[in-house]
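Please read it with the sequence and the structure side by side.

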Amino acid sequence: MRNLRRTTMAGAAGATSLVLALTGCSSSGDGNGTKAPAKALTQSEIDKAMDTPTTITFWSWLPNIQDQIDLFEKKYPKIKVVLVNQGDASAQYVKLRAAVKAGQGVPDVAQVGYDYLPSFTQTKSLLELTPYGADKIASDFVPGVWSQVVQNGGIYAVPQDSGPMGTLYRTDILSKAGVDAPATWADFATAAQEVKSKTGAYITNLPGNDMPQTLGFFSQAGASLFTYDGKTTVGINVDNDVTQKVVAYWQDLIQKDLVSTDPDFTDAWYQGLSRGKYATWLTAAWGPTFLAGSAKNTSGAWRAATLPQWSAGQNVSGNWGGSSDAVMAATKNPIPAYELAKFINNDPSSTIELANKQSLYPTTISTLSSPAFTDAKSDFYGGQQVNKFFADVSSTVPQNQKYVPFEDYVNSSYNDTLGKAIADHGDLKAALSAWQQQLVTYAKQQGFSVK
Amino acid sequence: MTAETPRRMALSAPAARRSRGIHAGQTRTAWLLILPFLLVFAAFFTVPLGYSAYLSLFTSKLVGGEVFSGLDNYSRALHDPHFWEGLRRVAFFLCVQMPIMLAASTFIALALDSQRVRGGKFVRLLVFVPYAVPSVVATLMWGYLYGKDYGLITQMFDAVGLHAPDLLSPGSILGSTMNIVCWEFVGYNMIVLYAALRSVPNDLYEAAEIDGAGQWRIAWSIKLPALRPALLLTLIFSIIGSFQLFNEPNLLFNIAPNAIGSDFTPNLYAYNLAFRGQDNNYAAAIAFLLGFVVMIVAFVVQGVTNRKERQA
């Protein structure tokens, strides 16, 4: 079978040479970059650096980020930016880590998801940006989002986009079932019954492969799962009263077959959205544009509302997704590197484009309140000002979402435990405990002390 | 005595020296000619293998870095339920999928060789085409066919009013994978077997016909025994391929993320350890261990079949 050329040993070599590629060359990459200056830089030092011909490299997985780079190069003609797209986020993390480890080929600026920032600060791969003036732009950003790039008082990236969560719902399906957009989770469960019996649709889909969404639900309920002191101590508390309450809630809906558990962002799921299999999508602020692009035939039927609340009268959201631009510690040109990260995510000409053209949900207060952003009405949402709606949601995101420096493992372990239980309609509570156990075991094995 | 004389003469001093001279020159040329290969072989095969072996003797931690740990990774792997679960799964895969595939290949090869199939060349090509399709494309294609709410198979079931099975569920994903692998490799194995059949000398068939043997008898008594070495070859390749199952589950993961765990097959497990868990050292140990298991299984199978052949 397979291939004549493949022999036993070649197979072993194949698998292991992948490993080689990852760990190749020298083992530690930090220390060969710029040491951060002790004092804040003066404006004249910055001006001088920005007027010196320099080439910097920028890694990002955004398809059209070159547009914003062009704006930057227009403003600073002496600085040339080389953009490298490594594919998607996970592909970029793998390569970035390999480059850091090898101490070679590390970009000056890299896009990093908030959840992965600790993975890179733990290896001291990111430049602390306060001396470069990052503290001065802090007040331009939504506080909850800014807190994502701060660790132990240090600023390690500039926020690019975020994902305050809300509900997108099908007015046609809900009205056929005779229910309103559910205000509380209790309403949501009741509506689920009605929707199923009267229309045959599921109230929503809870995928078993999307940890970030589940983390958003946990955060909304008030759970704080992780802590990290920036050194060697992590706190892992994924199995607690709050998370148990949340999974028990979903367990009930799944068992009654009122919620489907299709993996999301798969073909089956796209089809489900278009065919009216799900009456709602509990998503984030980047969801509306995404949905409008992938379920065109349902245009006009959707509206946006807040997430269902745990008790009536509350208004709490969660966060799902979002990323930042970080300056790598190995950079030889920290000033232009930081200025690029800052320009793309802070200059109004760039941020409004990110928001309107690339449907990245904005993080700066000025863009969130800019009429060019909020006044947009969408026919897909029956003329609702969806951007304006989510702009109000973004201030209701709790600041309890922290991450540990081994997010890859947290994610794959989730898929093997809680995610699997969701997909298999198994015991969610037991799976939550199994997840906790796996994470603690892994953290200890990796040399962390676990609180 | 008479037979030995010329041989001793050939070994007389001048002749021997001359032959040694030629021999040394030939050796040098031979080495020179295979040098490019040896360099590439060393650079891309021996060195990575050695380096991986070296890596597998260390333990690297996110906190504290890399320390020498001897065979710790191996003993950890031997007690790792994920590794054994994956190994058990591919062993089961092998036991079910390989006989089906090889039986189908043999049958088609025999049918084509009997010259009774109309449009034989076309059929041969048709059966072989899947092998020419990259496994990535094949898996994606089958993934679409399997799809629960939209796939062709579901649509066919719906059309006749039957309840369609979920071919991407955790319970059926292994079977679905077997089907893909069969589809891909029946043609390849068929070609190997068919080539072996073509090399059977015609006089054997003529002799059999004169003795009054029919096509079935010829197939059973001449063709199948002639196929034995080729069958053994395809068998060994199948074993190796099964244990190294990676592409298909890795791609199906995107379509059915919850049906395929990170430890679905040992290779996938090693990959996930290295690239998601950042545990390259342990991944190297798993890869080596898997290599040993495959070698042992292949060796045992070869030993058993060889002994049978000698008895036969």
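The structure is a predicted model. Between chain B and chain A about 4600 Å² is buried, 60% of it on carbon and sulfur atoms, and the contact involves 55 residues of chain B and 51 residues of chain A. Within chain A, the points below take up an open sheet of five strands with mixed pairing and an open sheet of three strands with antiparallel pairing.

**The contact between chain B and chain A**

- Of the area that chain B buries against chain A, 16% is supplied by Leu62(B), Asn258(B) and Phe275(B), more than by any other three residues.
- Zero salt bridges are counted between chain B and chain A, whereas six residue pairs, both residues at pLDDT 80 or more, are in polar contact.
- The elements of chain B that give two or more residues to the side touching chain A include helix 2 (13–55), strand 1 (58–61), helix 4 (81–113) and helix 8 (173–198); also among them are helix 10 (215–243), helix 11 (247–255), helix 12 (266–275) and helix 13 (280–311).
- Helix 13 of chain B gives the largest share of that side, with eight residues.
- By residue class, the side of chain B that touches chain A divides into 30 nonpolar, 18 polar and seven charged residues.

- Strand 3 (residues 109–113) and strand 14 (residues 323–327) of chain A run antiparallel and are joined by five bridges; in strand 14 of chain A, Ser323(A) is the bridge partner of Gly113(A).
- Helix 4 (residues 89–102) of chain A lies across strand 1 (54–59) and strand 3 of chain A, and runs at about 130° to strand 3 of chain A.
- Helix 14 (residues 334–346) of chain A lies across strand 1, strand 2, strand 3, strand 6 and strand 14 of chain A, and its direction is at about 55° to strand 1 of chain A.

**The three-stranded sheet of chain A**

- This open sheet has the order 12-7-13 in chain A, with antiparallel pairing.
- Strand 12 (280–284) and strand 13 (302–305) of chain A are at the edges with a single partner strand each, so that one side of each lacks a neighbour in the sheet.
- From one strand to the next, the twist averages 30°.
- Four bridges join strand 7 (residues 165–170) of chain A to strand 13 of chain A, the two running antiparallel, and in strand 13 of chain A the bridge partner of Thr167(A) is Ala305(A).

- Over all chains the count is 15 salt bridges, and Arg97(A) forms a salt bridge with Asp408(A), with their closest N and O atoms 3.0 Å apart.
- Because Arg97(A) lies in helix 4 of chain A and Asp408(A) in helix 19 (residues 407–416) of chain A, the pair ties together parts that are 311 residues apart in sequence.
- Gly322(A) lies in the loop between strand 13 and strand 14 of chain A and, leaving aside residues up to four places away in sequence, touches Gly113(A), Tyr114(A), Asp161(A) and Ser162(A).
- Gly322(A) and Leu291(A) are 31 residues apart in sequence, and their C-alpha atoms are 17 Å apart in space.

Conventions
Residues numbered from 1 in each chain as written. Chains lettered and ligands numbered in written order. Predicted model: local features only at pLDDT ≥ 70, side-chain atom pairs only at ≥ 80, totals over all residues. Heavy atoms only, no water. Contact = heavy atoms within 4.5 Å. Buried area = accessible area lost by both parts, 1.4 Å probe. Salt bridge = Lys/Arg side-chain N within 4 Å of Asp/Glu carboxyl O. Polar contact = N/O pair within 3.5 Å; in protein donor to acceptor, adjacent residues only side chain to side chain. Nonpolar A, V, L, I, M, F, W, Y, C, P; charged D, E, K, R; others polar. Pairing = 2+ DSSP bridges. Axes fitted to C-alpha atoms, helices over the stretch in contact; angles between N-to-C directions.
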